[in-house]
Amino acid sequence: MDSFELKNTLQRAVKGEVVDDAETLRKMSRDTSLFTRTPELVVYPRDILDVSAIVREVGRARKAGAAVSLAARSAGTDMTGGPLTTGVVVSFTEHMNHMGHVGTDYALTEPGVFYRDFEKATLEKHLILPSYPASRGIAAMGGIVANNSGGERTLEYGKTEKYIEELEVVLSDGTRTLFKALTPAELEEKKKLQTLEGNIYREMDALITENAALIEARRPKVLKNSAGYALWNVRNAETGTFNLAKLICGSQGTLALWTKAKLNLVKPKEHRAMLVIFLNDITILPEIVKRVLPENPESFESYDDHTLTLAVRFIPEMLKQMGFRKAVSLGISFISEALMVATGGVPKLILMAEFAADTIEEADRRAKATHDALADLHLDMKIEKDEKESEKYWIVRRESFALLRKNLHGLYAAPFIDDLVIPPKSYPDFLPKLNALLAEYSSHFIYTLAGHIGDGNLHIIPLMDLSKEENRQVILELAPKVYDLVIKAGGTTTGEHNDGIIRTPYLPMLFGDEMVALFGKTKDIFDPLHIFNPGKKVGGTFEDIKRDIITTA
Ligand SMILES: Cc1cc2nc3c(=O)[nH]c(=O)nc-3n(C[C@H](O)[C@H](O)[C@H](O)COP(=O)(O)OP(=O)(O)OC[C@H]3O[C@@H](n4cnc5c(N)ncnc54)[C@H](O)[C@@H]3O)c2cc1C
């Protein structure tokens, strides 16, 4: 079946639009990764019946011999190439963007709802999903669930996997079902079904039960992980329940497409105080982290001198997006940073430990206690007593990757070692080795470092001229060297951004062949024809990386 025939077939099958104009295909050929893939068609489903019809027709075409597949897409802010495909894009933000009911401790949502709208609705009930990513202004719920996103509050609250309760999904044969926690008796009932769903329950129960020891041994022992399939999350050790929604979370649209989610929410604390640490000697970072964590900061974030210098450069642009009053007050608050840059006094690292509590006195007390605990290290520190004062630090931290994506004289923000996680206790050994390794490549790129310092999650973003073959080559040469250090430190290759095109080929290095074989079996059980986002999570190659890296800024 050629593209023309498939388009006609899909047009007949769905209520939503099927498009292939050049402008749409160009837009859908990019996310925020360093890759490009141009799709054949883009479909905007109107509801679950449309999603089901798309999956059925693509499956039928595949069975008839066409080399077609599909990839789900929500806001397209993925940093790994997750929503990119040469097949059919199923795009959710156009129509499937309805916010559902917000209950006393949960919310229902469709995947195309932008997080900013989701949050508006939950805050009306004084509730929040605390795993929101730094891309909170531009990302949608589809990718937040499918990437198992995390963010600045993950240190205290965990990632999206903890909050996902139920997912309405379309399976690879086009059938629809609801994945939720099943008691052992309910699981046995499901296993009796003579359908794809029944087969999934039978085979996944067997796979998880028979390989329980291997799965537990290979589960990354860090505070956050988005690599591989979360086989370790399916069976709840305390309750004995079996919930496949926990496996779909983080699977990047490779096992099922989700169309409605039930997410648990928390009541956010009302008050915050921030201890800001301006650090020049990063050798004492491990000691600082060790002393800050016992005070249980809600967030413990950081950004480096390059990030701050870039932020100062783009202050006028950042302020332009705000109202006049806010722009003036924020502009004034950035004067000290501008002076730091002008006088060459930018610290190597800025650390932000934020303490949240129900009263400002308690938040402030904990910031002060942490300040006192660090006193003998003779650091340059400051306590920001309210959220207005700490806002400028959050703006720089949250905007750090977005800032890098501005036009920087042909240099491209290239996320390929962008999401490492190591146990924080490994900093003393790990950081000098990482710095030495990055220094070897200093003729190829400069880089910024920002991240969730409290849970060992570092975002390193090199700025590169990707038009040069030798620089593109560095991506494949350096990544395994960095991952080798990360794995030896007991870490993982991705804490929240996920595997996508850029990290799937490194899964054997991280998990070993036996565990990767289980990921392969999982994929075959859910999606025997591999029509859902092939090459992500399972089957991706180094050739994919080489072929699809963009070559211009
Ligand atoms: C400036 C910036 C900062 C960022 N900061 C963070 C951060 O702090 N933490 C973090 O986790 N990430 C971060 N990201 C990456 C990205 O924004 C998040 O992972 C986000 O959750 C992706 O959401 P999206 O809707 O844009 O997903 P998309 O890019 O649309 O898709 C992401 C993946 O989800 C799949 N998918 C989408 N919808 C569905 C569906 N309905 N069913 C099945 N699969 C689906 C896609 O196929 C793809 O594999 C950042 C990105 C940028 C640009």
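The legends below describe close-up views of a predicted model.

**View 1. Residues surrounding the ligand.** The shell around the ligand has 35 residues, and the closest are Ala 72, Ser 74, Thr 77, Ser 135 and Gly 150. By class, 17 of the shell residues are nonpolar, 15 are polar and 3 are charged.

**View 2. Secondary structure elements around the ligand.** At least two shell residues come from each of β3 (70–73), α5 (141–146), β9 (257–264) and α18 (387–404). With 4 residues, α5 supplies the largest share of the shell around the ligand.

View 3. A backbone N or O atom of Gly 150 is 2.8 Å from a nitrogen atom of the ligand. For Ile 144, a backbone N or O atom lies 3.3 Å from a ligand oxygen atom. A polar backbone atom of Gly 143 lies 3.4 Å from an oxygen atom of the ligand. The ligand taken alone exposes 980 Å², of which the protein buries 98%.

**View 4. The second largest pocket and its lining.** This pocket holds about 430 Å³ of space. Its lining consists of 17 residues, with Glu 161, Arg 219, Val 222, Leu 223 and Asn 233 nearest the centre of the pocket. The lining divides into 8 charged, 5 nonpolar and 4 polar residues.

**View 5. Helices at the second largest pocket.** Both α6 (154–157) and α7 (160–163) contribute to the lining of the second largest pocket, each with at least two residues.

How values were computed. Residues numbered from 1 in each chain as written. Predicted model: local features only at pLDDT ≥ 70, side-chain atom pairs only at ≥ 80, totals over all residues. Heavy atoms only, no water. 1 Å grid on protein atoms, 1.4 Å probe; cavity = no way out; pocket = protein on both sides within 12 Å on 5 of 7 lines; lining within 4 Å. Points joined across faces, edges and corners; volume = space filled by probe spheres on them. Nonpolar A, V, L, I, M, F, W, Y, C, P; charged D, E, K, R; others polar. Near = heavy atom within 4 Å. Polar contact = N/O pair within 3.5 Å; in protein donor to acceptor, adjacent residues only side chain to side chain. Areas by Shrake-Rupley, 256 points an atom, 1.4 Å probe, with all protein chains shown as cover.
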